[in-house]
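Please consider the complex shown below, with attention to how its chains meet.

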Amino acid sequence: MTIDTKYLGPVEIDEKDIIVFEEGLPGFEDFKRYVVLDMGDDTIFRCLQSVDCRDVAFVIINPWDAVPDYEIDVDDADICSIGEKDYSSLSVYAILTIKPDSITANLIGPVIINTNTMRGKQVVLVNSQYTTRYSIVNPERKG
Amino acid sequence: MLVLSRKVNERIVIGDNIEVVILDVKDGTVKIGIDAPHDVKVFRKELSDEIKKENVLAGGASEEAVRELINNN
């Protein structure tokens, strides 16, 4: 199927790549189906794009690409809410806030995705030292 | 909303598994201890509000700023 995307225009997606966020994302509770799209061949940036609304889209990164010593402790309850507890099938992304003069990453509220069940959730890291606005400067290119 | 008055060291029970105890009250700040099962998330409300607010900001990024970022990286 083809969806209209905020940053990449019309994109052909496979229905099996749709990730369901049962609770939506905080602030965007009505939107529950997303896909993760590459934003280019040579960039660490990806896009978490709503399947159902072009304008609901977030630039995301693998947090370790920008913060190699990033540490997270996700509650088992959160992990189990999107499938069996199997770390090998978990992807973690940080949502970026991009302004003309700054890029920050929300490191205290990462998005976790179980790639087996294709279910996702934005979690709150309780007792974390990080903030919603970790400044990202000159993130390295992928590869 | 249920409103209860409690003194220091007095407890409130919520459901079968959660207990809240008032540990200290000083200068307008209440120190609270919470015993809850691991699968019950307990955190400051400001934190979830902040994440929601940041999502709205992140989702509102201008297409121009994002395209520029991708093109320059």
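**The interface of chain A and chain B**

In this predicted model, 9 residue pairs, both members at pLDDT 80 or more, are in polar contact across the interface of chain A and chain B. On the side of chain A that touches chain B, the elements that give two or more residues are strand 6 (57-61), helix 2 (76-80), strand 7 (90-99) and strand 8 (102-114) of chain A. Strand 8 of chain A supplies the largest share of that side, namely 5 residues. Sorted by class, the side of chain A that touches chain B comprises 21 nonpolar, 8 polar and 9 charged residues.

The extent of the interface may be described by residues and by area. Contact involves 38 residues of chain A and 25 residues of chain B. The two chains bury about 2700 Å² between them, and carbon and sulfur atoms account for 62% of this area. Within chain A, the residues that lose the most area to chain B are A:Tyr7, A:Ile98 and A:Val124, which together make up 21% of what that side buries.

Charged side chains also meet here. Between chain A and chain B there are 4 salt bridges. A salt bridge joins the side chains of A:Arg54 and B:Glu63, with a distance of 3.2 Å from N to O.

Chain B also carries a nonpolar patch on the surface, formed by B:Val8, B:Val25, B:Val30, B:Ile32, B:Ile34, B:Val40 and B:Val42, with about 510 Å² of accessible area together. Strand 3 (residues 29-35) of chain B gives the most to this patch, with 3 residues. B:Val40, by contrast, is located in the loop between strand 3 and helix 1 (45-59) of chain B.

Note on methods. Residues are numbered from 1 along each chain as its sequence is written. Chains are lettered from A and ligands numbered from 1 in the order in which they are written. This is a predicted model: local features need pLDDT of at least 70, side-chain atom pairs count only at pLDDT 80 or more; totals for chains, interfaces and linings use all residues. Side-chain values use heavy atoms; hydrogens and water are left out. Contact means heavy atoms within 4.5 Å. Buried area is the accessible area (1.4 Å probe) that two parts lose on being put together, summed over both. A polar contact is a pair of N or O atoms within 3.5 Å; within protein, one must be able to donate a hydrogen and the other to accept it, and residues adjacent in sequence count only if both atoms are side-chain atoms. Helices (H or I, at least four residues) and strands (E, at least two) are DSSP runs, numbered from the N terminus. Ala, Val, Leu, Ile, Met, Phe, Trp, Tyr, Cys and Pro count as nonpolar, Asp, Glu, Lys and Arg as charged, and the others, Gly among them, as polar. Patches are made of residues with over 30% relative accessible area and no salt bridge: like charges are joined within 9 Å, nonpolar side chains (Val, Leu, Ile, Met, Phe, Trp, Tyr) within 5 Å. Accessible areas come from the Shrake-Rupley method with a 1.4 Å probe; for residues, only the protein chains shown count as cover.
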